[in-house]
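Trainee: I am new to this structure and would like a close look at a single part, the place where the two chains meet. Please take me through that part in one connected account.

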Number of protein chains: 2
Amino acid sequence: MGPGPLNDLQAALARLPGIGRKTAQRLAFHVLRRPREEAEALAQALLAAKDAIVPCPQCFNLAERHQGLCDICANPRRDRQVICVVEDAGAVLVLESNQLLRGMYHVLGGLLSPLDGIRPEDLRLDELVVRVRRDEVREVILALNASAEGDATAAYLARLLTGLTKVTRLARGLPVGADLDLADRVTLAHALDGRQAL
Amino acid sequence: MGPGPLNDLQAALARLPGIGRKTAQRLAFHVLRRPREEAEALAQALLAAKDAIVPCPQCFNLAERHQGLCDICANPRRDRQVICVVEDAGAVLVLESNQLLRGMYHVLGGLLSPLDGIRPEDLRLDELVVRVRRDEVREVILALNASAEGDATAAYLARLLTGLTKVTRLARGLPVGADLDLADRVTLAHALDGRQAL
């Protein structure tokens, strides 16, 4: 149909999640209409983010390569004895942007899912246990999606940490089946306030 | 909130049309999760499209820089005596993907719009008149959006080409106010079949 480089760009854009063929075409035309600097800025931001951002060696949240620990782990005013366990770094951003927690985070890197073949050894569980012991953690708050996988992971973690620390999870203020990313501040605050011991 | 390079990437993505803050974040996280090769492919496709694609010197459709004329103008089997006038290169893609025309195209680069300050001298009108005279064009088909700007541009072109060639426009099969990009094949076919002399 169109010139090859245009088709290539549309194909590359359509590989992004939630970007269909029509949207990819609209975006590609936008890029062609705008000054080269804008395409350069986007291209450079893609590679810079990819190169500069690595998992924090302690909590596996996103960190800048040259900084070592992530901003939260490096912050001496955070409470090291409360760890909020989340599925991925996106959940950290959601919780941080709402400023609801003074503790630390631990990013599991997924949720247990027999169907998808995600087993305990695929998650960062050993690293969590090491932190809980080393920092004498008072409470581990499980902030996981209210899904079957989230519940399975919560149950597994509750067993794993028995006797080591108190384990709580977000109250069922979250609508069942909902994605944590889509919760609003009030719902999140209710869920945090009503967290229950497991 | 997040690390700087992540924020930069989200900001660059959010500058794209129809990409809000949430979507930009989702896309940025996707890029971070996927192999570097994918980010490289997208970055490279952005710059390659920007560098390799230029307006066709004859019809102002998209063309590859090293090829000179666009694929349609370079195709000897197209009817040079029928020119379909469109607002932008996106409209060419829509019409071509539905294979409804055997003629050529002429991309105006916009529609007349006193409100937006787009005047006749901002459109590629002289180039159209030159082609109509040189190729002894039998018919100019105006395939413009069914909007106030589309109607104003059609009326202007009908006057401009009076005595030079027959001017038709797409039948009002298009719902009033609709965007040409969103029309389906049947609607487009009706609109072409029922085109009316101006």
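Predicted model: local features only at pLDDT ≥ 70, side-chain atom pairs only at ≥ 80, totals over all residues.

Mentor: As background, two copies of a chain are related by a rotation about an axis and a shift along it. Here chain A is superposed on chain B by a rotation of 180°, with 0.0 Å of shift along the axis and an RMSD of 0.1 Å. That is the relation of a two-fold axis. Both copies use the same surface, since 100% of the contact residues of chain A recur in chain B.

Now the contact as a whole. On the chain A side 43 residues take part, and they touch 43 residues of chain B. Five elements of chain A each give two or more residues to this side: helix 1 (4-14), helix 2 (21-33), helix 3 (36-52), strand 2 (62-64) and helix 4 (89-97). Helix 3 of chain A gives the most, with 14 residues. Sorted by class, the chain A side that touches chain B holds 27 nonpolar, 7 polar and 9 charged residues.

Chain A has 7 helices and 7 strands. Read from the N terminus, their order is α-α-α-β-β-β-α-β-α-β-α-β-α-β. As for overall extent, the C-alpha trace of chain A spans about 65 × 35 × 35 Å along its principal axes.

Helix 1 of chain A and helix 3 of chain B, residues 36-52, have axes that come within 8 Å and cross at roughly 150°. That angle makes helix 1 of chain A roughly antiparallel to helix 3 of chain B. The crossing of helix 1 of chain A and helix 3 of chain B is left-handed. From helix 1 of chain A the contact takes A:Pro5, A:Leu6, A:Asp8, A:Leu9 and A:Ala12. Their partners in helix 3 of chain B are B:Ala41, B:Leu42, B:Ala45, B:Leu46, B:Ala48, B:Ala49 and B:Ala52. By class, this contact of helix 1 of chain A with helix 3 of chain B has 11 nonpolar residues, no polar ones and 1 charged.

Helix 2 of chain A also packs on helix 3 of chain B, at an angle of about 55° and with the axes 9 Å apart. Helix 2 of chain A and helix 3 of chain B are therefore oblique to each other. Helix 2 of chain A passes helix 3 of chain B in a right-handed crossing. The residues that meet are A:Ala28, A:Val31 and A:Leu32 on helix 2 of chain A, and B:Leu46, B:Ala49 and B:Lys50 on helix 3 of chain B. This contact of helix 2 of chain A with helix 3 of chain B divides into 5 nonpolar, no polar and 1 charged residues.

Helix 1 and helix 2 of chain A pack with their axes 8 Å apart, at an angle of about 125°. That makes helix 1 of chain A oblique to helix 2 of chain A. The crossing of helix 1 of chain A with helix 2 of chain A is right-handed. Helix 1 of chain A contributes A:Leu6, A:Leu9, A:Gln10, A:Leu13 and A:Ala14, while helix 2 of chain A contributes A:Arg21, A:Ala24, A:Gln25, A:Leu27, A:Ala28 and A:Val31. The contact of helix 1 with helix 2 of chain A comprises 8 nonpolar, 2 polar and 1 charged residues.

Methods. Residues numbered from 1 in each chain as written. Chains lettered and ligands numbered in written order. Contact = placed C-beta atoms within 7 Å. Helix = DSSP H or I, 4+ residues; strand = E, 2+ residues; numbered from the N terminus. Nonpolar A, V, L, I, M, F, W, Y, C, P; charged D, E, K, R; others polar. Least-squares fit on C-alpha atoms with pLDDT ≥ 70 in both. Axes fitted to C-alpha atoms, helices over the stretch in contact; angles between N-to-C directions. Parallel < 35°, antiparallel > 145°, perpendicular 65-115°, else oblique. Left-handed = near helix turned anticlockwise from the far one by under 90°.
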